[in-house]
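Q: Hi! Could you walk me through this one while I have it open on my screen?

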Amino acid sequence: MDRIKTYLGRALEMTNSCVVVMKYTKDEPVTRTKLEFISENVQQLGMNLDSLKGGFRLPKDYIHPEDRNGFIDAVSIAAETQTDFTYRVRLVGDDGVIRNVDVSSQYMDFDADYYLIEYVFHEIILQKEDLTEGQKKKKDSAGAVITKDVFGKDDLSEIFGIFANSYGLYSTVVDQDGHSLLPPVGPEAYLGHYYDMFERPENQELFDTIKRSALMQDQAVYMELENGNPDSRVSAVPLMVNGVHLATWMLCAHDKSQSAALRIASRVQCRLAELVSGYIQRTVISSRRNQREKELEKLLEFEQQQKAVISKLNPMIHSDDTNSIHMILQEAKNVLDVDYAFLMMRNGSTGSFGTIEDYVSFDGTRPKEINFEAFAEDERKNIAEEGYVVDQKSMTNRIRVSVFQGFARAAIIYPIRINEKSIGKIVFLETRRERIWTRSEIVFAEMIGQIMTEHISYKKGMRNGTGSGRDLLELFHQLSIHMFIKAKDSGRVLFSNTALNRQLGFDFVGQDSRRIVPEGKEEFESYPGTLHEKPVEKKGIRKWRRYINEFSGIYDVTEIPVEWIDGSEAVAVLLRIAQD
């Protein structure tokens, strides 16, 4: 088996591929996913294997921000239709290299609750001489940044206009689909013809012919327009940057004198197109690429900072330091550069999130309370389960005033959920400036929320049977007296020790505690041979004596208010057989 794994690993490396299997929950957004398997050779694509296996990042987080949402949409469609797809993205590796990658998916049904999707990441090595026209159109980085505003610059528009007017011709520049990038110029007689020249289906074939012919030769294409006018002619040249077809420049004639001028102009049109393409390469593409590189460097620097902070905070998860929550908030605030970071916990008696346990701020002031009740019920449910993100794009007056009291301009709220119950929220607020959260910032806030959840879970002793809370329950099992813990509101038994279960002959957990000790009858209970004693109350502790039918005996009953492991109010009940 090891030899087979080694062989498969080498085969994947030789084909510039790696395999990822993700697990999804049905009826949940595809963004809530879990890594099920990943091949060991992901480092060749710039991915950090330890970070992925540790759950700090998902493979989709390595997809370039401009490509990520489209990829997630493709996954959503595949999940809904149970179909496979292939999607090309740019991967941004930890090594700073941008790679062109084809991601092929295969949907695999798992069971009623989950499903798996297998992805094969295959790196595409783009060689200029091997690119087909279709590949050039789709994936060259230069073509990706060419938009209508590039050709709409005054200097470019003027170049085309002056040249056309000097010959008395019509000029238009269209994109790869034939849509106008520049307003057509020329004599007024035929100008209206160009605004929808290739929008009509019958003209699309004509444009395709012009474009193919222009790409296949090194001089301008000269041909009839076939619009019913025998004097209508077109001379077309492609505008190329680094071998990539960006647009098509066409000069048109509609009478005999214009046709004669067009034959002369077409001889120098190709050379002028080369000069224009060089201008675009030097002034437009280069500046935009430099800007994108700076933005990418900034993003990579931010993500490196995130990873360093996450590594620093991970040891705090199991820390007993009383200042650890404050330290987590402080580190997160610094990285996100927000005005406030604070922790809100559920009020045990009211159930609301009005208590700010700890906070850090830009000026030391305490943040205002958040009115969660101002959210609609479905909004509150979503916040409690998945979290909440609002910024300049989504902030409404209702949210700004009713929820944040005019205090916040942007917020990220992540729920603290333990044992599937929401017990608190970690909040990041921006109050002094408008802000639009980046995907990287949102992911980092979620990671901090997970660290905070793990830490609070540890401190409450709720982490998978370990910790002080669970240890205490184990201690209760060793007691010889009968005892159980009940929910304060419902009276449902949350815990019963071994001695009580043995006496009853069954596990008392989940039962109605009133089966043994009815509520509200303490002052009226009496039993043969014993004087009735009223309950004694001291700091919430209640004691009395009563006859317990289930055990056919007189017992001293002690009730002690406690907090159950999910943060809810509970009561510990101790039963001792009466000695006097």
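A: Happy to, and do keep in mind that this is a predicted model. Let's start with helix H3, where the buried residues are Asp-67, Arg-68, Phe-71, Ile-72, Ala-74, Val-75, Ala-78 and Ala-79. They cover an arc of only 160 degrees around the axis, so they sit on the same side of H3.

Q: And which residues are exposed on the other side of H3?
A: Those are Glu-66, Asn-69, Ile-77 and Glu-80.

Q: How far does H3 reach from its first C-alpha to its last?
A: H3 runs over residues 65–81, which is 17 residues, and reaches 25 Å. That is close to the 24 Å expected at 1.5 Å a residue.

Q: What happens just after H3?
A: Gln-82 comes there, with a positive phi of about 55 degrees. For background, most residues other than glycine have a negative phi.

Q: Okay, stepping back. How many helices and strands does the protein have?
A: There are 15 helices and 20 strands. The protein has 580 residues, and buried ones make up 46% of them. If you take the contacts with a separation of 6 or more, 53% are between residues 24 or more positions apart.

Q: What about the span of H8?
A: H8 covers residues 201–216, so to speak 16 residues, and goes 24 Å from its first C-alpha to its last.

Q: New topic: helix packing. At what angle do H10 and H13 pack?
A: Helix H10 (residues 324–336) and helix H13 (residues 439–459) pack at about 180 degrees, and their axes are 11 Å apart. That angle makes H10 roughly antiparallel to H13.

Q: Which residues make the contact?
A: From H10 you have Ser-324, Ile-325, Ile-328, Leu-329, Ala-332, Val-335 and Leu-336. H13 brings in Glu-441, Phe-444, Ala-445, Ile-448, Ile-451, Met-452, His-455, Ile-456 and Lys-459.

Q: How many of those are nonpolar, polar or charged?
A: The contact of H10 with H13 divides into twelve nonpolar, two polar and two charged residues.

Q: Which residues of H10 are buried?
A: Ser-324, Ile-325, Ile-328, Leu-329, Glu-331, Ala-332, Lys-333, Val-335 and Leu-336 are.

Q: What does Phe-444 touch?
A: Leaving out residues up to four places away in sequence, Phe-444 touches Gln-306, Val-309, Ile-310, Ala-332, Val-335 and Leu-336. Also, Phe-444 and Phe-56 are 388 residues apart along the chain, while their C-alpha atoms are separated by 9.3 Å.

Q: And where does Lys-256 sit?
A: Lys-256 is in helix H9, residues 256–313. With 64% relative accessibility, Lys-256 counts as exposed. Lys-256 and Asp-231 are 25 residues apart in sequence and 5.9 Å apart in space, C-alpha to C-alpha.

Q: What follows H10, by the way?
A: That would be Asp-337, with a positive phi near 55 degrees. Asp-337 lies in the loop between H10 and strand S10 (340–345). Its relative accessible area is 48%, so Asp-337 is partly exposed.

Q: Last one: what is the phi of Ser-552?
A: Ser-552 is not a glycine, yet its phi is positive at about 55 degrees. You'll find Ser-552 in the loop between strand S18 (541–548) and strand S19 (553–563). At 56% relative accessibility, Ser-552 counts as exposed, since the cut-off is over 50%.

Technical notes. Residues numbered from 1 in each chain as written. Predicted model: local features only at pLDDT ≥ 70, side-chain atom pairs only at ≥ 80, totals over all residues. Heavy atoms only, no water. Helix = DSSP H or I, 4+ residues; strand = E, 2+ residues; numbered from the N terminus. Expected span 1.5 Å × (residues − 1). Buried < 20%, exposed > 50% of the residue type's maximum accessible area, 1.4 Å probe, protein only. Arc of directions from axis to C-beta. Axes fitted to C-alpha atoms, helices over the stretch in contact; angles between N-to-C directions. Parallel < 35°, antiparallel > 145°, perpendicular 65-115°, else oblique. Contact = heavy atoms within 4.5 Å. Nonpolar A, V, L, I, M, F, W, Y, C, P; charged D, E, K, R; others polar.
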